Amino acid sequence: RPTVQGKIEEVLDLLIKDYELNYSGRTDAGVHAKEQVLNILTDIKITEKLISSIDKLLGNSISVNSFNPVSNDFHARFSAKQRTYVYSTMDNQKKLPYLLNSTHQHDSSLDFEKLNEISQLFLGKNDFSSFAKVEKNKNPEREIFKSVWKTNCSIFTYTITGNSFLRNMVRNLVGVQLAFNDNKLTLKEIKL
């Protein structure tokens with residue numbers, strides 16, 4: 001299946017002979033990346049004209065929004081101080097068909113107050129191994145700086161910012177919060 005990384009590398013292979021490419025992170029299947037950071041280490045000079053060519057060759061699904069020179073020791077993944085995920089969902093009160101491909105459709109009513117109550121549970125440094133696929137010998141402790149729900153026109157948006165995330169962690173955190181919303185879990189049953 002086509003991937004963002006694969007398409008970017010395909011285009012760079014056409015325009016740059018020798019380079020090293022580093023990404024800030026990966027996304028799970030079905031997740032849309034916005035403001036994803038990557039860095040290219042190369043001997044050639046990156047110009048506006050080259051960036052414009054890259055952007056055009058990437059097509060309509062991927063866009064280069066900006067570029068900046070960085071030091072040689074910068075790494076898109078390991079130099080990042082924090083990352084943010086935004087997860088959108090709608091409840092069964094209103095259907096907005098044009099958002100079905102980018103927004104989770106939840107089967108029951110969403111309680112804004114209740115979702116924000118549980119979202120605060122994840123703040124601070126915690127072991128998130130219960131909420132993710134943890135690779136062997138990988139530290140499951142992460143620090144969460146922001147965990148909050150907002151609502152606008154029947155769309156509920158969960159924003160979480162942390163120093164980094166484990167595989168499937170955000171998706172699972174949202175699932176637990178929706179289960180709490182639906183009275184399928186209590187606060188005592190959710191263990192960090």
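1. Phe-165 is buried, at 13% relative accessibility. Note that this is a predicted model. The residue sits in the loop between strand S7 (155–162) and helix H4 (169–181).

2. Four aromatic pairs turn up in a search of the whole structure. In one of them, the ring centres of Tyr-85 and Phe-165 are 5.1 Å apart and the planes stand at 85°, so this pair is edge-to-face. Tyr-85 belongs to strand S3 (residues 83–90), so the contact ties together parts 80 residues apart in sequence.

3. Phe-122, Phe-128 and Phe-131 are linked into a cluster by ring pairs.

4. A charge also sits over a ring. The ring is that of Phe-180, and the charged end of Lys-114 lies 5.1 Å from its centre.

5. How many salt bridges does the structure hold? The count is one. Lys-7 forms it with Glu-10, and the closest N and O atoms are 3.4 Å apart. Side chains of opposite charge can pair when their charged atoms come close. Both residues lie in helix H1 (residues 4–15), three residues apart, so about one helical turn separates Lys-7 and Glu-10. Lys-7 is partly exposed at 26% relative accessibility. Glu-10 is partly exposed too, at 45%.

6. Last, a loop position. Gly-25 is found between strand S1 (19–23) and strand S2 (38–42), in the loop. Its relative accessible area is 27%, so Gly-25 counts as partly exposed. From Gly-25 to Ile-8 the C-alpha to C-alpha distance is 14 Å, and the two are 17 residues apart in sequence.

Conventions:
Residues numbered from 1 in each chain as written. Predicted model: local features only at pLDDT ≥ 70, side-chain atom pairs only at ≥ 80, totals over all residues. Heavy atoms only, no water. Helix = DSSP H or I, 4+ residues; strand = E, 2+ residues; numbered from the N terminus. Buried < 20%, exposed > 50% of the residue type's maximum accessible area, 1.4 Å probe, protein only. Salt bridge = Lys/Arg side-chain N within 4 Å of Asp/Glu carboxyl O. Phe/Tyr/Trp six-rings, centres within 6.5 Å; stacked < 30°, edge-to-face > 60°. Lys NZ or Arg CZ within 6 Å of the ring centre and 35° of its normal.
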